[in-house]
Amino acid sequence: MSQVSIPNVKIAVIDDDLLARDFIVTVLMYCVNRDVLSFDSGLAAWQYMEDHGSLDIIISGIDVSGLSGFELLSKFKKKYPEKKCLLMSADPAHESSARDLGADAFLAKPVGVNDLFKVVETFVV
Amino acid sequence: MIRFGPAPREMKSMSNEDIFSSRLKLLIIMTKAYLKDCPIGEYRKQAILENARFVFYQSLKLSSEIAAITNEASRTQSGTDSPGDMNDAYIFHQRTQLLAVMAKALAENRLKGQFRKKALQDNLNSICETLIFNFHIKDMNFLKVA
């Protein structure tokens, strides 16, 4: 582990739970030492990508307003199949749907610091 | 698809307590990484400051609540927790707030000198003893790149 495999990695966190979202952003910003984008709806994240181009990794809640996490995953993977999409939820029933729709990872809530470190180790470093 | 996080039976929404304990754990990792000379870039400094701010104010709120409960219990002599337990919790939160202040100082390049670093290490040790915190230093090797 001697170098970052995605230089200037662009990550976004999408969740309507402000406290959880800010926590995840803080952990990721610390780990990658880069700015991490934050959106409270799937639609806002999608509009950002329409205006500014793709992000390397998106981490989205499933029950978010605008576009749900599942809808965002489908659109994102259709347009940017090589990029990574991680879905997170507190509902175990969402896991199989995330797998079927092609999510790269599923983060079960409550998300811990070590879980996010593993995400960075798996997808960034 | 890779899976991260707790087993299905343990899944739940993130409560304020989950966020506080996770952020406190992150603050401990941040300060331990500093003592291990992991590099600190601008965004890491920003993350440390944001995390320290959250932990400080949440801990301040919790210690105020503990003080209020202790005062009420001593007034009525009908507390459910022993005074010793409440005092330990109060001291733990004072140490947590001190850790947040130290983290802010290190992010602002003000935590210099061997005695300040020793004070940080002693405070970390005390907090970790209280938490029975089991995070091994090898787990953060990837922080050595920036």
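Is Glu108(B) buried, partly exposed or exposed? With a relative accessibility of 32%, Glu108(B) counts as partly exposed, where buried means under 20% relative accessible area, exposed means over 50%, and partly exposed is in between (1.4 Å probe, protein chains only). This is a predicted model, so to speak a computed one, in which local features need pLDDT of at least 70 and side-chain atom pairs count only at pLDDT 80 or more, while totals for chains, interfaces and linings use all residues. Residues are numbered from 1 along each chain as its sequence is written, chains are lettered from A and ligands numbered from 1 in the order in which they are written, and side-chain values use heavy atoms, with hydrogens and water left out.

Glu108(B) has two salt-bridge partners to look at here. A salt bridge is a side-chain nitrogen of Lys or Arg within 4 Å of a carboxyl oxygen of Asp or Glu. One partner is Lys104(B), with the closest N and O atoms 3.1 Å apart; the other is Arg110(B), at 2.6 Å from N to O. Both partners are partly exposed too: Lys104(B) comes in at 39% relative accessibility, and Arg110(B) at 44%.

Between chain A and chain B the count is 1 salt bridge, and Glu95(A) and Arg3(B) are the side chains that form it (2.9 Å, N to O). There are also 13 residue pairs in polar contact between the two chains, both residues being at pLDDT 80 or more. A polar contact is a pair of N or O atoms within 3.5 Å; within protein, one must be able to donate a hydrogen and the other to accept it, and residues adjacent in sequence count only if both atoms are side-chain atoms.

As for the contact as a whole (heavy atoms within 4.5 Å), chain A puts in 45 residues and chain B 37 residues. Together the chains bury about 3600 Å², with 71% of it on carbon and sulfur atoms; buried area here is the accessible area (1.4 Å probe) that two parts lose on being put together, summed over both.

The two chains also share some strand pairing. Strand 5 of chain A runs parallel to strand 1 (residues 2–4) of chain B, and 3 bridges join them. Strands are DSSP runs of E, at least two residues long, and helices are runs of H or I, at least four, numbered from the N terminus; two strands pair if DSSP finds at least two bridges between them. Arg3(B) turns up again here, as the bridge partner of Phe106(A).

Across all chains, the search finds 11 salt bridges. One of them joins the side chains of Asp15(A) and Lys109(A) (2.7 Å, N to O). This pair links distant parts of the chain, 94 residues apart: Asp15(A) is in the loop between strand 1 (11–14) and helix 1, and Lys109(A) is in the loop between strand 5 and helix 5 of chain A. Asp15(A) is buried, at 3% relative accessible area, and Lys109(A) is buried at 9%.

Finally, Ser54(A) sits in the loop between helix 2 (42–52) and strand 3 (57–61) of chain A. Ser54(A) is buried, with a relative accessible area of 18%. Leaving out residues up to four places away in sequence, Ser54(A) touches Lys10(A), Met49(A), Phe76(A), Tyr80(A) and Lys83(A).
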